[in-house]
Amino acid sequence: MFKSLSKFEEDDVDFDITPHINQPLILPKRKFVNVSQVVSKEPHAIRIMHWNVLANSLCSPKAFPHVIDNRVLEEEFRFKLIQQEIHMYNPDILCVVEMDCHERLSEKLKGRYACKFVQKNYPEDEVKNGRRDGCALFYDKDRFDLLSSQPLYYDKTKQAQIALYVTLKDLHSKKTFHVLSTHLKAKIGHESRREAQVKKLHAFIQQNNEKKHPCIITGDFNEIPSEKAIRYMTQSYTSIYPTTTMAITTYKKRDHESKRMIDYMFHTSNVKVAGYYQLPLPEELEYRLPTFNYP
């Protein structure tokens with residue numbers, strides 16, 4: 001799995017981003033690490049991308065007072081960079097959390113992708129303040145048939161933490177597989193809640209995958225590799241990325257500075273991994289996210 005087979009049409013992406021800054025932007029493309037040369041040559045390999053794109057309703061100077069330039073928080077500016085990043089990595093399947101512009105992005109990507117979306121169930125006061133993000137999953141509509149999709153709510157009151165579980169059929173290989181995208185409870189102090197959420201996630205997959213089809217789980221787990229939630233996940237699934245490195249997926253400062261790995265891609269044992277794009281190391285991120293080069 002995890003290799004691109006088809007080209008992305010450039011007409012689907014608006015690249016006019018230079019008027020916002022004094023020089024053209026170069027989004028860094030990370031090094032691809034080959035795990036298996038044999039799998040890399042598979043004719044039906046699939047490239048999957050996960051991204052917490054940061055909800056626009058959260059993207060304010062008050063919430064992110066330590067970014068390099070407030071322009072990196074502007075919705076229009078970020079939207080164009082998001083498109084460029086998707087184009088650069090050219091995924092067959094794109095899993096996005098904190099997505100609150102899925103209709104607009106779907107319109108931009110409709111030449112290639114279809115989309116499934118489940119919105120978080122926020123309290124009324126947060127909805128009034130613009131919170132309407134959720135989990136979105138874009139898939140190559142010429143490559144896959146959508147067989148089913150369903151949301152997972154981690155508690156009976158349908159609080160904000162959710163997952164989106166889809167079943168796809170690959171029209172090339174004729175094989176069926178599952179993809180789950182999730183976003184767990186944020187902030188330090190909620191470790192026990194995240195552990196309970198991953199246990200429910202695992203039980204949900206077991207219940208809905210009786211035929212033991214391959215399954216890929218992607219998401220922002222808001223937890224570092226040494227905590228119980230991630231240790232629980234690795235008992236049943238394999239992480240695509242090494243969890244013993246110093247690589248990071250977030251760098252921000254609010255009440256305190258946070259530079260850590262909290263996003264993951266897991267898979268069942270019947271998934272073959274060709275490789276992955278290397279996560280950035282702490283010294284590679286000069287400025288707190290988001291930045292001009294890491295939207």
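Student: Where does Leu-54 lie?
Tutor: Leu-54 is in the loop between β2 and α2 (75-89). Helices (H or I, at least four residues) and strands (E, at least two) are DSSP runs, numbered from the N terminus. This is a predicted model, where local features need pLDDT of at least 70, side-chain atom pairs count only at pLDDT 80 or more, and totals for chains, interfaces and linings use all residues. Residues are numbered from 1 along each chain as its sequence is written, and side-chain values use heavy atoms, with hydrogens and water left out.

Student: Thanks! What is phi of Leu-54 near?
Tutor: Phi of Leu-54 is near 70 degrees, which is positive in a residue other than glycine. Most residues other than glycine have a negative phi.

Student: And is Leu-54 buried or exposed?
Tutor: Leu-54 is buried, at a relative accessible area of 14%. Buried means under 20% relative accessible area, exposed over 50%, and partly exposed in between (1.4 Å probe, protein chains only).

Student: What about Lys-174, buried or exposed?
Tutor: Lys-174 is exposed, with a relative accessible area of 56%. Phi of Lys-174 is also near 70 degrees, and its place is the loop between β7 (162-170) and β8 (176-183).

Student: Switching to β2: why is it largely enclosed?
Tutor: Four of the five residues of β2 (residues 48-52) are buried, so the rest of the structure largely encloses it.

Student: How many bridges join β2 to β3?
Tutor: Five bridges join β2 to β3 (residues 93-99), and the two strands run parallel. Two strands pair if DSSP finds at least two bridges between them. Asn-52 stands opposite Val-97 in β3.
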